[in-house]
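The sequence and structure come first, and the description follows.

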Amino acid sequence: MNQSDTTGNDPQEILIPINKDNNNNNNNNNSSANNREVKIDRKTFDSNFEAAGINEALNLFEEAQTVEFGQHLGINFFGEVATAQEISQILDDLHRQRGKKSAVLYVVSLKDQLQLILILANNPPIRTIIPEANSELLRKTAQEFRSEVTNRDKLNGYKYSAQKLYQWIIAPLESTLETNNIDALILSMDSGLRSIPVAALYDGRQFLIEKYSVSIIPSFSLTDTRYFPILNKSMLAVGISKSTQGKAPLPAVATEVSLLTNNLWSGQKLLNEQSTIDNFQALSNQDRFGIIHIATHAEFKPGAIHNSYIQFWNAKLRFDELRELSQKLQWQQDPKVELMVLSACRTALGDKEAELGFAGLTIQTGVKTALGSLWYVSDEGSLALMTKFYEQLKTAPIKSEALQQAQLAMIKGQVRLEEQQLQLDEEKLLPLSSELGVRQNINLSHPYYWSAFTMIGNWN
């Protein structure tokens, strides 16, 4: 699936088989068609999806995802979506390259039932139906989970809804995942489910992240799955620790940016007053950074994509402007930007448009992988996870495993904040400035601190 710049004069073609009757007409050309004009009749989609065979159903969902993301982001897509056989082959190729087994799980919320489609390497797709998980109950449970897991004062309040979602989304296919020795689970989620912190789904004994590295994709067709080593890529880190443009200060950001660029990775930084859009663009033009790390307020808000933004020192960079800037900087040109991190962002949880902006971050920017938080965690929590993530990124075979290892270290209490120190493991202690005002003995094991961080797009 390719995409075109909507600022051009000639709209690109897109073929969306939303209705069952035209599902086999992928080769019919219609020069006036574009995904912002196509409407998805969800009632018809649900009916067609239920009646379709597994391969046709997968095609329908991939196409519907393309329409939904394209409409919100203002991007015209054209070309064919990936088939189950093609996805299976790519998973096999990546396993041979990286030694890690991945599976793609489609989570499709129909009015009267939940349907799951699992794609494995060298296996036919598997379809599972969960009749009791109708869309109303599923979304209600998801909303309860999001509300409870973001409350760090309730130690176990989230577990009931987390376990219910686990039973619906993961448990029906868990024996297959275990039999196939899956390491990485990649989820393509239906509307209303994209802001579920899937890492914190709970089976009664363990979190999902304790079994698999997890990531989300807008769709397989909209994901660049190619692997390229990240270790030798340089970083551009942008951070704002002071109050600016009416935003609250983020005292730990100065420490975060300095640790990343001075101790953990090679690169350049822009801090506070230096963190202007002009300086960001100028540095990006001078060097081909493979990692863009942005430690400043960012919001995925309801409504049009223009409402969402990243806060720079002197101005907000709106997300429609971010796309234009990424095109100027050629992030989507090979060699692509491998990773963009927003370490202090938040999403309007449960809002359809906000979720589309968050889950569509790689599409909007052209980068291969994005890492962001579904809610604003805490200054200290972000510092801890980001430091551990980049440390793990040096040795982990795939990016999603680096995030998994950082999250596991927080669950186990190996990463914690004590007496003005950040403890990364039993032997590594990093002193913190007294200006941070870190309380003694901050326990970071609650999923509030680690499950918000979500990997989007290329998990390799």
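## Strands, cores and spaces

In strand 18, glutamine 423 is the bridge partner of arginine 416. Helices (H or I, at least four residues) and strands (E, at least two) are DSSP runs, numbered from the N terminus. Two strands count as paired if DSSP finds at least two bridges between them. The model is a predicted one, in which local features need pLDDT of at least 70, side-chain atom pairs count only at pLDDT 80 or more, and totals for chains, interfaces and linings use all residues. Residues are numbered from 1 along each chain as its sequence is written, and side-chain values use heavy atoms, with hydrogens and water left out.

Strand 17 pairs with strand 18 (residues 421-423) over three bridges, in the antiparallel sense. Both belong to an open sheet of three strands, with the order 17-18-19 and antiparallel pairing. Strand 17 (416-418) and strand 19 (429-431) are the edge strands, each pairing on one side only. On average, neighbouring strands of this sheet are turned by 25° against each other, direction ignored. Axes here are lines fitted to C-alpha atoms, for helices over the stretch in contact, and angles run from 0 to 180 degrees between N-to-C directions.

A second open sheet has four strands in the order 13-12-11-15, with mixed pairing. Its edge strands are strand 13 (316-318) and strand 15 (345-347), each of which pairs on one side only. Strand 12 (residues 309-311) and strand 13 run antiparallel and are joined by three bridges; isoleucine 310 stands opposite leucine 317 in strand 13. Helix 9 (residues 319-328) packs on the sheet and touches strand 11 (298-300), strand 12 and strand 13, its direction making about 80° with that of strand 13. Helix 10 lies across strand 11 and strand 15 and runs at about 140° to strand 15.

### Buried elements

Strand 8 (residues 235-239) has five of its five residues buried, so it is largely enclosed by the rest of the structure. Buried means under 20% relative accessible area, exposed over 50%, and partly exposed in between (1.4 Å probe, protein chains only). Met235, Ala237 and Gly239 cover one side of the strand 8 account and Leu236 and Val238 the other; both faces are covered. Strand 8 runs parallel to strand 9 (residues 267-271), and five bridges join them. One of the bridge pairs is methionine 235 with glycine 267 in strand 9.

Lysine 247 sits in the loop between strand 8 and helix 7 (252-264). At 17% relative accessibility, lysine 247 counts as buried. Leaving aside neighbours within four places in sequence, lysine 247 is in contact (heavy atoms within 4.5 Å) with His297, Glu299, Tyr309 and Gln311. The C-alpha atoms of lysine 247 and glutamine 311 are separated by 8.5 Å, while the two residues are 64 residues apart along the chain.

The buried residues of helix 7 include Ala252, Val253, Val257, Leu260 and Leu264. Their cover includes strand 8, strand 9, strand 10 (291-295), helix 12 (379-393) and strand 19.

### Nonpolar cores

A nonpolar core is a set of buried Ala, Val, Leu, Ile, Met, Phe, Trp, Tyr and Cys residues joined through side-chain atoms within 4.5 Å. The largest has 128 residues, of which Leu105, Leu185, Phe280, Phe389 and Tyr390 touch the most other members. Not counting residues up to four places away in sequence, leucine 185 touches residues including Leu105, Ile170, Leu208 and Val214.

The structure holds four cavities of 30 Å³ or more.

| Space | Volume | Lining | Closest to the centre |
|---|---|---|---|
| Largest cavity | about 70 Å³ | 14 residues | Val198, Ala199, Val214, Phe453, Thr454 |
| Second largest pocket | about 310 Å³ | 19 residues | Ile40, Arg42, Glu68, Ser191, Lys352 |

On a 1 Å grid over the protein atoms alone, a cavity is a set of points where a 1.4 Å probe fits but cannot get out, and a pocket is an open set with protein on both sides within 12 Å along at least five of seven lines; lining residues have an atom within 4 Å of a point. Grid points are joined across faces, edges and corners, and a volume is the space filled by probe spheres set on the points. Helix 2 gives the largest share of the pocket lining, six residues.
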